Amino acid sequence: MKYLNEVKIQLESRSVNEGYARLAVSSFAAQLDPTVEEINDIKTSVSEAVTNCIVHAYKNKVGKIYITVRIFENSVVEIKIRDKGCGIENIKQAMQPLYTSLGGDRAGLGFTVMENFSDKIKVRSRVNVGTTVTIIKKIKGRNAL
């Protein structure tokens, strides 16, 4: 399917950049005239995906996070958040609510939150190569009945 508009962002995996990613992606999606709830859903999903890159993919080092946002016909937004970090050994396990590979005070709800605030989520990963999270959100917008 051909997209109507696209933006690409590259940023370092520093926690201070998470807020920028949220705002940049939601600002780009704003061209579809989403509701406040839909914008908040996008912000939350992006926040969780970027935080996973920062905390899990690169652990205690800085790497690159690549974000591609595409707008398709029928007001569909596709958000791809990719890293070149350590990868996920068992995606199915990682996506289980309350599972965390780090323990401690981590809640293990990142993927669950992304699933609840989007229409579809896809996770592809290879150990020592990286992970790509694709989030699909259909914008019904302010004019929806």
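Is Glu6 buried, partly exposed or exposed? Glu6 is partly exposed, with a relative accessible area of 26%, where buried means under 20% relative accessible area, exposed means over 50%, and partly exposed lies in between, for a 1.4 Å probe and protein chains only.

The model is predicted, so that local features need pLDDT of at least 70 and side-chain atom pairs count only at pLDDT 80 or more, while totals for chains, interfaces and linings use all residues. Residues are numbered from 1 along each chain as its sequence is written, and side-chain values use heavy atoms, with hydrogens and water left out.

**View 1. The whole protein has four helices and five strands.** Helices (H or I, at least four residues) and strands (E, at least two) are DSSP runs, numbered from the N terminus. Along the sequence these elements follow the pattern β-α-α-β-β-α-α-β-β. Of the 145 residues, 44% count as buried. Among contacts with a separation of 6 or more, 65% are between residues 24 or more positions apart, a contact being heavy atoms within 4.5 Å.

**View 2. Helix H2 covers residues 36-57.** With 22 residues at 1.5 Å a residue, H2 should span 32 Å, and its end C-alpha atoms are 30 Å apart, which agrees; the expected span is 1.5 Å times one less than the number of residues. H2 is followed by Lys59, whose phi is positive, near 45°.

**View 3. Arg70 and Glu6 form a salt bridge.** A salt bridge is a side-chain nitrogen of Lys or Arg within 4 Å of a carboxyl oxygen of Asp or Glu, and by this rule the count comes to five. In this pair the closest N and O atoms are 2.7 Å apart. Because Arg70 lies in strand E2 (residues 64-72) and Glu6 in strand E1 (residues 3-12), the pair ties together parts that are 64 residues apart in sequence. Arg70, at 23% relative accessibility, counts as partly exposed.

View 4. Arg22 is partly exposed, with a relative accessible area of 26%, whereas Glu18 counts as buried at 17%. Elsewhere, salt bridges that share partners join Glu12, Arg14 and Lys64 into one network.

**View 5. Arg14 forms a salt bridge with Glu12.** Their closest N and O atoms are 2.7 Å apart. Arg14 counts as partly exposed at 40% relative accessibility, and Glu12 likewise counts as partly exposed, at 30%.
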